[in-house]
Amino acid sequence: MENFREDELLLDNNNMNDSVSENLDENGFPSLDSAKSFSSDFYSSGTNWSCLVTENAESSEEKKKKNKKMKQTDLFQMWGFKKPDTSSASTSKKIQMKTDVGFPSQQRRVCPFYKKIPGTSFTVDAFRFGLIEGCSAYFLSHFHYDHYGGLSKGWSHGSIYCTPLTARLLRMCLSVNPTFIYPLELDVEHNIEGVKVTMLEANHCPGAALTHFRLIDGRCYLHTGDFRASKLMQSHPLLASHRVNLLYLDTTYCNPKYRFPSKQDVLHFVVKIARQTLKKQPKTLIIVGAYSIGKECVYLAISDALGVKIHTNASRRRVLQSFGWPELSGKLCSHGKDTPLHILPLSSLRHETLKKYLDTFAYEYTTLLAFRPTGWTYSETLGNQLDLIRPTSKGNITIYGVPYSEHSSFFELREFVQFLKPDKIIPTVNVGNAANRDKMQSYFREWMKS
DNA sequence: GCGATCAGCT
DNA sequence: CACAGCTGATCGC
């Protein structure tokens, strides 16, 4: 997850000073020798977003006057029963509610400093800002929309560096011109403009990577992208042997209220529920919800445990096939009737929608059990106790929210940071408001004490 | 006519 | 709450 909502970024514009921008070069890249001071200024001032937006904040006020509209999703198309309708929909004329006339959006959105790597002309996950002056290499940490946003067929602003799997998805799903894409094998040191760059497995979604930069002067910077910290990560030679001077950290769950179990525990829980349900009612259709990529292990675990194949629509099958994982590819099947385990978009995981879906398999299945894996199915009181999770049931439809997270929990973050002992930390998530930034800053200070 | 983008929503 | 989008409307070519 990332913060990039303009209205959020605008919040702090009334309290600006020049402490950050002083340490930026003419293109807004933090200069090499001031890497320390620019991040400390970031923490001390907490509110300096001078490198972000400078336009007026008016637009956010007049936004909320649109009527809610009924939407008519073609479920059969989404589920793969039907080809997309190519006939044009009727377009009704509407009164313009636009308030920021005259300002092209890219002019108003400037790449924030925490996406720029000091002492280099590199940026990370910064495609939605159009051409970034002074940027010669655009790194992409993983293939999730809020990170690749801005990339499309017409991209021509510069070289894109990412893992080979992410590169395939860029070509396949976004038709990005391959001449701009430079796949970087994991765990191999690549020399890019004199900087030694290594991609490390991020334990997030397929293809997600931490990016490790070793500059010519020996300084090491680690950008986590989105990641779930693990013990295994600590044994990586690059992290075990080199001091990290600057850590760009995925702070999605940087708050102790976020407690969730290990992935393994959640997988065991899901499998247990699936088995119990099938034992009671053998004619149960099992659904796992998923976004574009990620959470594959949830349905792989069920597939393995029950010895059944995995059905999903053609477009998702194409994406999953592209991973090149035999243990996944071999289990996919194109006919829903051939397996009781189906994958649907998370948006389908509502009782009403699932009922319709079950109706399309009325001859095969009588009940439906669905899992909604998200990171924020947490509870302060439940904590780690999976057995206290209660599903929501309506008729023969049962939905479990399960805390399968592909981001680090608060305590995993703490352990990772205390292992790494970086000189400085730059949070990359939840930085849109000052209270959050201050809170995270105080956690960092606490962690770094000893 | 189509792809890209935006606001609103979950 | 916030994940990682989804959707319909609008904009731009």
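**Figure 1. Aromatic ring pairs in the predicted model.** Rings of Phe, Tyr and Trp, the last represented by its six-membered ring, are taken to pair if their centres lie within 6.5 Å. In this predicted model, ring pairs join Phe122, Phe139, Tyr161, Tyr182 and Phe213 into a cluster. The count of aromatic pairs by this rule comes to 23.

**Figure 2. Close-up of the ring pair formed by Phe127 and Trp155.** A pair of aromatic rings is described by the distance of the centres and the angle of the planes. For Phe127 and Trp155 the ring centres are 5.3 Å apart and the planes stand at 70°, so the pair is classed as edge-to-face, given that planes over 60 degrees apart count in this way. The pair links distant parts of the chain, since Phe127 lies in the loop between β2 (122-124) and β3 (137-139), whereas Trp155 lies in the loop between α5 (145-148) and β4 (159-162), 28 residues apart. Phe127 counts as buried at 1% relative accessibility, and Trp155 is likewise buried, with a relative accessible area of 4%.

**Figure 3. The open sheet of 5 strands.** Strands of a sheet pair through backbone hydrogen bonds, either parallel or antiparallel. Here the order is β1-β2-β3-β4-β5 and the pairing is mixed, with β1 (116-117) and β5 (181-183) as the edge strands, each of which pairs on one side only. β4 and β5 pair in the parallel sense over 3 bridges, and Ile160 has Ile181, in β5, as its bridge partner.

Figure 4. A search of the whole structure finds 7 salt bridges, among them the pair of Glu412 and Arg228, whose closest N and O atoms are 3.0 Å apart. Glu412 is partly exposed, with a relative accessible area of 22%, but Arg228 is buried, with a relative accessible area of 3%. Glu415 and Lys231 also meet through their side chains in a salt bridge, at 2.3 Å from N to O. Glu415 is partly exposed, at a relative accessible area of 36%, and Lys231 is exposed, at 57%.

**Figure 5. The salt bridge between Asp387 and Lys272.** The side chains of Asp387 and Lys272 meet at 2.9 Å, N to O. Asp387 is located in the loop between β15 (367-373) and β16 (392-394), and Lys272 in helix α9 (residues 263-280), so that the pair links distant parts of the chain, 115 residues apart. Lys272 counts as partly exposed, at 35% relative accessibility.

**Figure 6. The nonpolar cores and the contacts of Phe416.** The largest nonpolar core has 101 residues, and those with the most contacts inside it are Phe139, Leu170, Phe213, Phe371 and Phe416. Helix α9 gives the most to this core, with 7 residues, and the core draws at least three residues from each of domain 2 (113-257 + 408-449) and domain 3 (263-402). When residues up to four places away in sequence are not counted, Phe416 touches Leu222, Thr224, Phe227, Ala229, Met233, Leu239, Leu247 and Leu249. A second, separate core of 16 residues includes Leu285, Leu349, Leu354 and Ile399.

Notes. Residues numbered from 1 in each chain as written. Chains lettered and ligands numbered in written order. Predicted model: local features only at pLDDT ≥ 70, side-chain atom pairs only at ≥ 80, totals over all residues. Heavy atoms only, no water. Phe/Tyr/Trp six-rings, centres within 6.5 Å; stacked < 30°, edge-to-face > 60°. Helix = DSSP H or I, 4+ residues; strand = E, 2+ residues; numbered from the N terminus. Buried < 20%, exposed > 50% of the residue type's maximum accessible area, 1.4 Å probe, protein only. Pairing = 2+ DSSP bridges. Salt bridge = Lys/Arg side-chain N within 4 Å of Asp/Glu carboxyl O. Core = buried A, V, L, I, M, F, W, Y, C linked by side-chain atoms within 4.5 Å. Domains from an automatic or database assignment. Contact = heavy atoms within 4.5 Å.
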